[in-house]
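Here is a protein to walk through together, from its overall build down to single residues. Please take a moment with the sequence and the fold before reading on.

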Amino acid sequence: MIPKSGAIVRYPQYSHGSLTSFIFAWAYLLGAITVPPVEAEAVVTYMSSYVPGLVTPTGVLTLTGGLIAFAFLTFFFLLNYFGVHVMGKTNTGVGWWKLIIPILTIALLLGLFFHPTNFTALPGGFTPYGWAPVFLAIPTTGIAFAYLVFRQGIEYGGETKNPQRDLPWGTIIGFVISMAIYILLQVSFIGAIDWSKLSLKPGDWADLTSTALSSGPFYQIMKISGIPILMAFAIILLIDAMVSPSGTGWIY
């Protein structure tokens with residue numbers, strides 16, 4: 001109905017006036033500014049699983065880790081600086097990568113290393129620690145970031161050729177695809193936990209963080225599987241751990 005770019009600022013202006021739009025604009029700016037350094041830190045944190053000395057035991061970046069994160073931020077800036085032509089092609093390629101690699105991960109784990117009993121032998125039922133950790137996970141573990149995809153198409157709505165057709169489809173399909181991938185990733189991960197290889201008793205969810213899974217969970221779970229194709233694919237996941245957060249970083 002209103003194919004204008006900058007939806008998060010423009011629509012509040014139409015509905016509630018300039019003051020509301022002004023507040024949204026500054027809130028969005030402050031939020032967007034935090035994303036590139038968050039993603040750069042995520043890249044370095046993932047790298048620390050195979051490059052020691054980047055993160056302290058408490059999870060804070062060391063001086064070396066901070067300098068590498070700054071290098072990533074500089075790369076994000078330069079990619080934008082050289083214009084939409086370079087940025088567009090790079091982002092299209094990485095977009096396909098971020099779609100294909102998770103799907104392959106799901107297929108490999110569900111097909112080769114899946115233990116259905118992990119879903120039926122839960123001490124305390126489906127939520128053994130109650131619902132509080134579920135809601136805590138939404139803002140603190142990246143889940144909120146995972147579902148931001150629905151908004152980008154709307155933000156650039158003024159630049160689409162057929163907004164009445166493209167915006168609804170792009171918004172709905174983008175969200176549904178993301179939701180399906182992330183849910184299936186969690187299902188495949190939970191089903192892939194082999195308690196004997198982790199030296200834990202079945203259902204000891206609380207102690208998973210004391211195992212190798214605490215750093216690069218999908219990488220580690222494939223590495224310890226003992227299945228050659230999964231162990232080989234684990235190397236690709238290490239690359240993905242740097243590529244995927246970087247894609248979000250340079251977009252913002």
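The paragraphs below begin with the whole chain and then turn to a helix pair, a pocket, a salt bridge and some loop residues.

First, a word on what you are looking at: this is a predicted model. The protein has 10 helices and zero strands, so its pattern along the sequence is simply α-α-α-α-α-α-α-α-α-α. The C-alpha trace spans about 60 × 40 × 35 Å along its principal axes. Of the 252 residues in the protein, 29% are buried.

Let us turn to the way helices meet. Two packed helices are described by the angle between their axes and the distance between the axes. Find helix α4, which covers residues 84-112, and helix α10, which covers residues 228-251. The two pack at an angle of about 145°, and their axes lie 9 Å apart. The crossing of α4 past α10 is left-handed. What kinds of residues make up the contact of α4 with α10? The contact divides into 17 nonpolar residues, six polar ones and two charged ones.

Sorted by class, the lining of the second largest pocket has five nonpolar residues, two polar and one charged.Now for charged side chains. Side chains of opposite charge can pair when their charged atoms come close. How many salt bridges does a search of the whole structure find? The search finds one. Its partners are Asp 166 and Arg 165, with the closest N and O atoms 2.7 Å apart. Is Asp 166 buried, or is it partly exposed? Asp 166 counts as partly exposed because its relative accessibility is 26%, and Arg 165 is also partly exposed, with a relative accessible area of 49%.

Finally, have a look at the loops. Most residues other than glycine have a negative phi, and most peptide bonds are trans. Ser 199 has a positive phi, near 60°, although this residue is not glycine. You will find Ser 199 in the loop between α8 (163-192) and α9 (217-223). With a relative accessible area of 67%, Ser 199 is exposed.

Ser 210 is also found in the loop between α8 and α9. Ser 210 counts as exposed because its relative accessibility is 57%. Between the C-alpha atoms of Ser 210 and Leu 110 there are 25 Å, and the two residues are 100 residues apart along the chain.

Another loop, between α4 and α5 (132-140), holds Thr 117. Thr 117 is exposed too, at 52% relative accessibility, since exposed means over 50%. The C-alpha atoms of Thr 117 and Phe 175 are separated by 30 Å, and these residues are 58 residues apart along the chain.

Definitions and conventions: Residues numbered from 1 in each chain as written. Predicted model: local features only at pLDDT ≥ 70, side-chain atom pairs only at ≥ 80, totals over all residues. Heavy atoms only, no water. Axes fitted to C-alpha atoms, helices over the stretch in contact; angles between N-to-C directions. Helix = DSSP H or I, 4+ residues; strand = E, 2+ residues; numbered from the N terminus. Left-handed = near helix turned anticlockwise from the far one by under 90°. Nonpolar A, V, L, I, M, F, W, Y, C, P; charged D, E, K, R; others polar. Salt bridge = Lys/Arg side-chain N within 4 Å of Asp/Glu carboxyl O. Buried < 20%, exposed > 50% of the residue type's maximum accessible area, 1.4 Å probe, protein only.
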